[in-house]
Amino acid sequence: MNASQVGTKLRSDEDLPPGRRRLAHVLVALYGHLNEPTLERAAQHLEKCGYKKDPSEISRYLNGRRLPPAHFVRVLHEAAVEQAGTNAVGVTMDQLLSVHASAEPTLCRSCPKLRRRNRSLRGELKGLLDAKAGLETALADAEERLAHLPVPLPNGDRQVWAKEVTAARQVAKRAEELHVQGEHEGALALLRETSEVLTPIESAATLVLLHQREQSQLAETLIQIYGRDQPRKAVMRVALELHDCGMTDAAGAILRAAVG
């Protein structure tokens, strides 16, 4: 592994916790100042400076897989300063030791999976927002599909509901899929995050669709989240839309959640 390869895995690996990732980035930068062509040569260089360790172990330090001892951090900094000068290194020994002290001592085995799941949900949410942004140009198609969708329209503008139902359908479908797959936390996270960005009409349409899909538990969860966390004006708008759709029980429930 040469100097240009040491940080490759680190840069593409988002599974590291923030403190460990920050330390690894600093160590890779210091390593680069050694100007050694291979990790083996760098290990020999550090051995002359007072730190003897197998190159593979040093690689794990640089890639964030293992927390190095403070002695290694000091030796690497001193060697980098000796080679490149204090100004070029750009970090003092005290700053480096502070970063080292803030790094997580161990890696959580379940955290990477949770972070990947969170990124996946955020990606799905971004897709929903992108879809919403493009609804103006796809309005004609949305209206056509709406004619085949068994969602009772309130006494209002059909075009408005045509736009809002398209985004709501995606949310309801994805939440149902996660719930059926047993990923209840994922479904909950999706509902919580989307409740913050959906319009009141989109939220009402989502509740109608969940009800029609017989996903009463998901609908109740969204009612509680939306009623508890959103502004009263938005909650009242959702309640009115639900009432106009004939879902009086849901309308009352979301109002109770807002004042509970």
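Is Tyr61 buried or exposed, and at what relative accessibility? Tyr61 counts as buried, because its relative accessibility is 4%; buried means under 20% relative accessible area, exposed over 50%, and partly exposed in between, with a 1.4 Å probe and protein chains only. The model is predicted, so that local features need pLDDT of at least 70 and side-chain atom pairs count only at pLDDT 80 or more, while totals for chains, interfaces and linings use all residues. Residues are numbered from 1 along each chain as its sequence is written, and side-chain values use heavy atoms, with hydrogens and water left out.

The protein chain contains 15 helices and zero strands. Both kinds of element are DSSP runs numbered from the N terminus, helices being H or I with at least four residues and strands being E with at least two. Of the 260 residues in the protein chain, 43% count as buried. The chain exposes about 13,900 Å², of which carbon and sulfur atoms supply 51%; accessible areas come from the Shrake-Rupley method with a 1.4 Å probe, and for residues only the protein chains shown count as cover. Among contacts (heavy atoms within 4.5 Å) between residues at least 6 apart in sequence, 67% join residues at least 24 apart.

A pair of aromatic rings is described by the distance of the centres and the angle of the planes. Rings of Phe, Tyr and Trp (its six-membered ring) pair if their centres lie within 6.5 Å; planes under 30 degrees apart count as stacked, over 60 as edge-to-face and the rest as tilted. By this rule, the count is two aromatic pairs. In one of them, Tyr51 and Phe72 are edge-to-face, with 5.2 Å from centre to centre and 65° between the planes. This pair links distant parts of the chain, since Tyr51 lies in the loop between α3 (39-48) and α4 (55-62) and Phe72 in helix α5 (residues 70-84), 21 residues apart. The rings of Tyr61 and Phe72 form a tilted pair, because their centres are 4.9 Å apart and their planes stand at 55°. That pair also links distant parts of the chain, with Tyr61 in helix α4 and Phe72 in helix α5, eleven residues apart. Phe72 counts as buried because its relative accessibility is 1%.

The side chains of Glu57 and Arg66 are joined by a polar contact of 2.8 Å. A polar contact is a pair of N or O atoms within 3.5 Å; within protein, one must be able to donate a hydrogen and the other to accept it, and residues adjacent in sequence count only if both atoms are side-chain atoms. Leaving aside residues up to four places away in sequence, Ala80 touches Leu30, His33, Leu34, Gly85 and Val89. Ala80 and Tyr31 are 49 residues apart in sequence, yet 7.0 Å apart in space, C-alpha to C-alpha.

The structure holds zero disulfides, a disulfide being a pair of cysteine sulfur atoms within 2.5 Å. Cys49 counts as partly exposed, at 29% relative accessibility, whereas Cys245 is buried, with a relative accessible area of 11%.
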